[in-house]
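Please keep the structure view open as you read.

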Amino acid sequence: MTTSHEIPTLLTERGLAERNYDVVIGLDEVGRGALAGPVMVGAVAVRSARLSDLDIIAGVADSKLLSANRREAMLGDLEEWSDAWAVGAASNTEIDEFGIMHALGMAALRALTDVQTHMAFDARASRPSICAILDGPYDYITKVVDSFDAPELQYPVDVITQIKADQHCATVSTASVIAKVTRDHVMTSLARSEEAYAVYGWDRNKGYGSAAHREAIARLGPSPLHRVSWHLS
């Protein structure tokens with residue numbers, strides 16, 4: 001079951017195609033508010049040449065509006081719908097050392113780097129023009145492009161921000177679902193791999209601050225995967 005929500009469109013993406021961008025990439029983050037584990041950013045790329053007659057996958061929406069079962073069920077279709085997709089991550093250690101905004105930027109750049117690697121650009125053609133739609137009001141990507149630890153993009157990317165893009169833009173909604181499923185799998189796998197992590201219930205809370213999770217931190221202390229610079233209790 002999903003709550004009532006606005007159906008995403010490709011209006012923004014098609015508008016960017018009309019501005020002569022060759023590729024549009026939707027970006028969304030997951031795990032920003034968690035107490036443990038990585039923050040991740042999903043990136044979904046679509047070539048502008050496909051946008052005029054591209055259909056949206058039925059039921060796609062901001063991942064927070066979909067049940068876990070629904071997200072899992074549509075994952076394969078969403079991956080095939082895109083020309084390329086990737087999920088970049090930044091660790092809890094990076095979050096503690098550099099702050100959440102820098103970590104988000106690094107995760108996004110890692111996703112963009114992977115997407116560009118997976119796109120089959122014609123080496124004989126001119127440099128592709130690429131625009132990314134980033135959910136939210138703040139461009140945390142451009143700020144870290146030239147930082148010392150930033151991965152180098154094959155091609156530059158223009159970033160635009162849009163509030164609630166995860167609800168309005170189909171590429172961003174798709175990125176939201178892919179990123180959410182990917183991170184949920186990571187946290188569940190960690191919880192099931194070691195008893196030291198299982199006690200925090202990450203298979204249920206995915207690292208977020210549920211009452212049971214906070215109680216376990218208070219009783220046992222933080223694990224090596226907790227964000228120790230955050231208020232954990």
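This is a predicted model: local features need pLDDT of at least 70, side-chain atom pairs count only at pLDDT 80 or more; totals for chains, interfaces and linings use all residues.

Residues are numbered from 1 along each chain as its sequence is written, and side-chain values use heavy atoms, with hydrogens and water left out.

**The nonpolar cores**

A nonpolar core is a set of buried Ala, Val, Leu, Ile, Met, Phe, Trp, Tyr and Cys residues joined through side-chain atoms within 4.5 Å. The largest one has 33 residues, and Ile25, Leu27, Val115 and Ile141 touch the most other members. At least two residues of this core come from each of strand 1 (23-30), strand 2 (39-47), strand 3, helix 4 (100-118) and strand 4 (130-135). Helix 4 gives the largest share, nine residues. Helices (H or I, at least four residues) and strands (E, at least two) are DSSP runs, numbered from the N terminus. Apart from this core lies another of 29 residues, including Val30, Ala61, Cys169 and Val181.

Leaving out residues up to four places away in sequence, Leu27 touches, among others, Val41, Leu112, Ile133, Ile141 and Val172; contact here means heavy atoms within 4.5 Å.

Gly88 sits in strand 3 (residues 84-90). Beyond its neighbours within four places in sequence, Gly88 is in contact with Val39, Met40, Val41, Ala107, Arg110 and Ala111. Asp28 is 60 residues from Gly88 in sequence, with 10 Å between their C-alpha atoms. Ile133 belongs to strand 4, and its C-alpha atom is 15 Å from that of Ala86, 47 residues apart along the chain.

**Burial at a glance**

Buried means under 20% relative accessible area, exposed over 50%, and partly exposed in between (1.4 Å probe, protein chains only).

| Residue | Relative accessible area | Class |
|---|---|---|
| Gly88 | 3% | buried |
| Ile133 | 0% | buried |
| Tyr200 | 5% | buried |
| Trp202 | 0% | buried |
| Asn20 | 60% | exposed |
| Lys206 | 14% | buried |

**The largest pocket**

Which residues lie nearest the centre of the largest pocket? They are Asp28, Glu29, Val30, Gly31 and Lys64, out of 20 lining residues. On a 1 Å grid over the protein atoms alone, a pocket is an open set of points where a 1.4 Å probe fits, with protein on both sides within 12 Å along at least five of seven lines; lining residues have an atom within 4 Å of a point. Strand 1 gives the most to this lining, with three residues, and helix 6 (170-193) also supplies at least two.

**Aromatic rings**

Rings of Phe, Tyr and Trp (its six-membered ring) pair if their centres lie within 6.5 Å; planes under 30 degrees apart count as stacked, over 60 as edge-to-face and the rest as tilted. By this rule there are three aromatic pairs. One of them, Tyr200 with Trp202, is stacked, at 5.7 Å centre to centre and 20° between the planes. Tyr197, Tyr200 and Trp202 form one aromatic cluster.

**Two loop residues**

Asn20, in the loop between helix 1 (11-18) and strand 1, has a positive phi of about 75° although it is not a glycine. Lys206, in the loop between helix 8 (202-205) and helix 9 (211-220), has a positive phi of about 55° and is not a glycine either.
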